[in-house]
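Reader: Hi! Could you walk me through this structure in plain words?

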Amino acid sequence: MKLPDLNLLVALDILLEEGSAVAAARRMNLSAPAMSRTLARIRDAIGDPVFVRSGRGLAPTPRALELREQVRGVVEQAHAIFTSGREIDLRTLERTFSLCANDVFVGAYGGKLRDLLAVHAPHTVLRFVPEGDGATENDALHAGRVDLYISARRAFAPDIKLQQLFTSGFVGIARSDHPIFDGPINLDSFTEYEHISVSRRGLARGPFDTALAERGYTRRVSLISPNFQSAIFAVADSRLLLPLMPTPLLAIVERLGLKLRTFELPIPVDSVEVFQAWHPRLDHDHAHRWLRRMIKELCGSALPGT
């Protein structure tokens, strides 16, 4: 039986990840005409267009999306066979690591992680993609579009691997000359001033407001930010309060020299655990294991406020 050219699977995997023939050609060190011929061979082998033009890039067909997880799994298994028992050479490793992470991790650890990769694996690329809903992230892990998912969310499929990275507490934060610091900070003074809500979905209310209501208080949220980084600059330039500031991000405030001051919240707020999650097929991938170890060790190092 004549075996198919397995290099076509590698090319298809890269095309599915990049969504661009130009980017795929660059990663495979191919010319544009050679990439076009490779795509034609893939189409002929599968019996499907695989990709169609969409704007300046390529959009996968339903058949290509159906094959995505299977193709990625075969490529990773083949890679594991040829690298089994051998340590990887990090200095020559060329790989893009895609991490789906919340902005707390990116802000507190993203730059430090890239610095580690620059020293140990200088030819790698670190790509952060934004969080979606739980179902989307499970699909991304299973399909191989994301190498690691880092968040406090734990609604993963049963086969997904989890490892705890760090615990985040919460404090309030305001301008250092804010009038809330002129007296005791209690529920009365806390709810007297307008607040910032941080929500990717644009929500102004949450469990914290339920806890306030149980004590007979409400707060006025007058600014909603999609992430904590923009909220930090907003609170530094206003009389707003930013409650529920994750403690790992206090290092950013310190490094930037912003004139902000923290305060203890007038009601108890549970801390949250942040995890890294990955598909079990990557358990024994040497590069992936090294990356997970680096992240675990990095998150175990001391940061102001942790």
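Reader: Great. What kind of model is it, and how are residues numbered?
Author: This is a predicted model, where local features need pLDDT of at least 70, side-chain atom pairs count only at pLDDT 80 or more, and totals for chains, interfaces and linings use all residues. Residues are numbered from 1 along each chain as its sequence is written, and side-chain values use heavy atoms, with hydrogens and water left out.

Reader: How many helices and strands does the chain have?
Author: There are eleven helices and twelve strands. Helices (H or I, at least four residues) and strands (E, at least two) are DSSP runs, numbered from the N terminus. The C-alpha trace spans about 80 × 40 × 35 Å along its principal axes.

Reader: And what percentage of the residues is buried?
Author: Of the 306 residues in the chain, 44% are buried. Buried means under 20% relative accessible area, exposed over 50%, and partly exposed in between (1.4 Å probe, protein chains only).

Reader: What share of the contacts joins residues at least 24 apart in sequence?
Author: That share is 73%, among contacts between residues at least 6 apart in sequence. Contact here means heavy atoms within 4.5 Å.

Reader: Let's pick a helix. Which residues of α8 are buried?
Author: In α8, residues 207-214, the buried ones are F208, D209, A211 and L212. Seen down the helix axis they fall within an arc of 155 degrees, so they line one face of α8. That arc is taken from the directions from the helix axis to the C-beta atoms. P207 and E214 are exposed on the other side of α8.

Reader: Which residues does D209 touch?
Author: Leaving aside neighbours within four places in sequence, D209 is in contact with A204 and R219. The side chains of D209 and R219 are also joined by a polar contact of 2.7 Å. A polar contact is a pair of N or O atoms within 3.5 Å; within protein, one must be able to donate a hydrogen and the other to accept it, and residues adjacent in sequence count only if both atoms are side-chain atoms.

Reader: Switching topic: which residues have the most contacts inside the largest nonpolar core?
Author: Those are L99, F105, L113, M245, L291 and I295, in a core of 42 residues. Helix α11 (residues 286-300) gives the largest share of this core, seven residues. A nonpolar core is a set of buried Ala, Val, Leu, Ile, Met, Phe, Trp, Tyr and Cys residues joined through side-chain atoms within 4.5 Å.

Reader: What does F105 touch?
Author: Not counting residues up to four places away in sequence, F105 touches L99, G110, L113, F128, I150, F166, I295 and C299. There is also a second, separate core of 18 residues, which includes I14, L39, L67 and V71.

Reader: Now the pockets. How much space lies in the largest one?
Author: The largest pocket holds about 1200 Å³ of space. It is lined by 37 residues, and F170, V198, P207, F228 and L244 lie nearest its centre. Helix α8 gives the largest share of that lining, four residues.

Reader: How do you define pockets and cavities?
Author: On a 1 Å grid over the protein atoms alone, a cavity is a set of points where a 1.4 Å probe fits but cannot get out, and a pocket is an open set with protein on both sides within 12 Å along at least five of seven lines; lining residues have an atom within 4 Å of a point. Grid points are joined across faces, edges and corners, and a volume is the space filled by probe spheres set on the points.

Reader: How many cavities of 30 Å³ or more does the structure hold?
Author: One. The largest cavity has a volume of about 50 Å³, and D13, L16, E17, R68, R72, A143, G144 and R145 line it. Helix α1 gives the most to this lining, with three residues.

Reader: Is D13 buried or exposed?
Author: D13 is buried, with a relative accessible area of 10%. D13 is found in helix α1 and, leaving aside neighbours within four places in sequence, is in contact with V71, R72 and V75.
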